[in-house]
Amino acid sequence: MRKKLIVLGGGTAGTMVVNKLHKKLDSQEWSITIVDKDNKHLYQPGLLLLPFGVYEAGELLKERDHFFPKGIEYIQAEIDKVDADSNTVYLVNGKTLVYDQLVIATGTTPHPDQTMGMDDAEIWRKSVFDFYTLPGAVALKDALNRFEGGRLVVHISEMPIKCPVAPLEFAFLADAYFTQRKMREKVEIVYVTPLEGAFTKPVCSKQLGYMLVERDIKLEPDFVIEHIDSQTKTMVSMDEREIPFDLLVTVPVNMGADFIGRSGLGNDLNYIPVNKENFLSTKYPNIFALGDASDIPASKAGSVAHFAIDMFTENFVEHLAGRPMTHNFDGHANCFIESGDGKGLLIDFNYTVEPLMGMFPLPVVGPFPLLKESRLNHMGKLAFRWIYWNLLLKGRWIPIPALMSMAGKKQATQKEGVGSHASN
Amino acid sequence: MPVIEIAGKPVNVNEEGFLTSYDEWNEEIARELAKQIEIEMTDEHWKIIKFLRDDFKTQGETATSRRVQTVGGVPVKEQFVLFPKKPAKKMAYIAGLPKPKGCV
């Protein structure tokens, strides 16, 4: 009898995992099964640009199974729960799957229902929009088109969220969009965050602080939302501050999949507690969580999933052989940030090193400048869609190492740390 | 990173004055840090600070406001009353733990 590896979730992380492990594992010894509720793979980085007319919905979707290797089993079904004590996955259709090893890669999902008033029928996707879902992004495109002016609020409900810089990018892109439509003076843009500022790391605060000022984007920090009054279209915070809006672009509370909660495998946001260096569940020796589904303190982003899986693949082979896992992940993330007007920035960082200035991937010649606006970084972001579909998902080689490198980076000096005192 | 003296003890802090070494913290230092940001420590304050200290030891991360509510038992609204305006940052500061951060 072959042993069974089951992968739950056929998104960015799940698809990369089956492609990598299909090559690594002996097919005489291991069978691989992947489960997802539908057959539509969404190119999620496109959701940020779709509302501004860069992409159509159809350009962001492909069939999931097109990216799975031949020789693995694909089950299209909704997951009911996992019983980790009996190594069993229960599907909503009544079927059960028994595993030897389980990889959970079911991501994170926005939950507008977690904030009172947010999903009221009167306002939800009429004047309050999310953009991390395809229906949300499509509805928002229409709303931006029709917007005649007023207060546009860009808002984060609570950390952690998928792609943590996307709301900031949205604010920059909105500034450029309304400028291009020659109506910027009719739009007040307000950026509302539960954190202490748009930037919270010393070098970013110093280097990028100008970006909001220059674009006349107002900042409302430390805003922890309590509820939305749908009658008056006002956000109210825990300390009773009020922000009225004409158009609210919000990132609702993000949570891991519901079945993780039902299975007792998650924390209070349904993320699976794992060892942050090797993604093994802190409770079960044959369950791993990859991508956005885990509780690792890294950005919930495709680049993190990609680097993490490079390390995981090596670790998993060691784990199956009963050896200690030696390929420790460092939390490496590498993200292009859109800043509007055909420009972008690039950040490269990990668990312990904050985003720094410099050139990437090579010192001096780059070609991509770090933490600096440039056209090339924007081109990098656009080119990434091709890389994603053609190389990344299929587990092909990409010339960026899984672990972060200090090459080309300018060390932060004491003076560069600005930041404010806790009482400010 | 600078070393400064708080409550008669040299401690390592970062550029914002947050302690960088878990074991250098004690209650005397916490009281002094609280005073600097104009917070008078009561039993309710200590309950949260002690929860944060214990939770960090097992989790390796500063608990979020949500976690202080669901696991520590102090509602977010009350955290705003006890540590006005910036509860998450102030709680971390007094507890000698890293502040909540985004990725940039």
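Q: How many salt bridges are there across the interface of chain A and chain B?
A: The rule finds 5 salt bridges across that interface. A salt bridge here is a side-chain nitrogen of Lys or Arg within 4 Å of a carboxyl oxygen of Asp or Glu. Some ground rules: this is a predicted model, where local features need pLDDT of at least 70, side-chain atom pairs count only at pLDDT 80 or more, and totals for chains, interfaces and linings use all residues. Residues are numbered from 1 along each chain as its sequence is written, chains are lettered from A and ligands numbered from 1 in the order in which they are written, and side-chain values use heavy atoms, with hydrogens and water left out.

Q: Are Lys86(B) and Asp222(A) buried or exposed?
A: Both Lys86(B) and Asp222(A) are buried. Buried means under 20% relative accessible area, exposed means over 50%, and partly exposed is in between (1.4 Å probe, protein chains only).

Q: And which residues get joined into one network by salt bridges that share partners?
A: Glu196(A), Glu16(B), Lys89(B) and Lys99(B).

Q: What does Glu158(A) pair with?
A: Glu158(A) makes a salt bridge with Arg66(B), and their closest N and O atoms are 2.5 Å apart.

Q: OK, zooming out. How many residues does the contact take from chain A and chain B?
A: It takes 37 residues from chain A and 25 residues from chain B, where contact means heavy atoms within 4.5 Å. The two chains bury about 2700 Å² between them, 56% of it on carbon and sulfur atoms. Buried area is the accessible area (1.4 Å probe) that two parts lose on being put together, summed over both.

Q: What about polar contacts?
A: The rule finds 9 residue pairs in polar contact across the interface, both residues being at pLDDT 80 or more. A polar contact is a pair of N or O atoms within 3.5 Å; within protein, one must be able to donate a hydrogen and the other to accept it, and residues adjacent in sequence count only if both atoms are side-chain atoms. On the side of chain A that touches chain B, helix 5 (202-208) and strand 22 (343-349) of chain A each supply at least two residues.

Q: Switching topic: which residues in helix 2 of chain B are buried?
A: Among them are Trp46(B), Ile49(B), Phe51(B), Leu52(B) and Phe56(B). What covers the buried residues of this helix includes helix 1 (27-36), helix 3 (65-70), helix 4 (76-82) and helix 5 (87-95) of chain B.

Q: Which residues other than glycine have a positive phi, then?
A: Cys163(A) is one of them, with phi near 45°. Cys163(A) sits in the loop between strand 12 (150-156) and helix 4 (166-180) of chain A. Lys233(A) has a positive phi of about 50° too, although it is not a glycine, and Lys233(A) lies in the loop between strand 15 (225-229) and strand 16 (234-237) of chain A. Most residues other than glycine have a negative phi, and most peptide bonds are trans.

Q: Where is there a cis peptide bond?
A: One joins Phe360(A) and Pro361(A), with omega about -5°. Pro361(A) is in strand 23 (residues 358-362) of chain A. The bond from Gly366(A) to Pro367(A) is cis as well, with omega near 15°, and Pro367(A) is in strand 24 (residues 366-370) of chain A.

Q: Last one: what does Arg64(A) form a salt bridge with?
A: With Asp36(A), the closest N and O atoms being 3.3 Å apart. That pair links distant parts of the chain, 28 residues apart. Arg64(A) counts as buried because its relative accessibility is 9%, and Asp36(A) counts as buried at 9%.

How values were computed. Helices (H or I, at least four residues) and strands (E, at least two) are DSSP runs, numbered from the N terminus.
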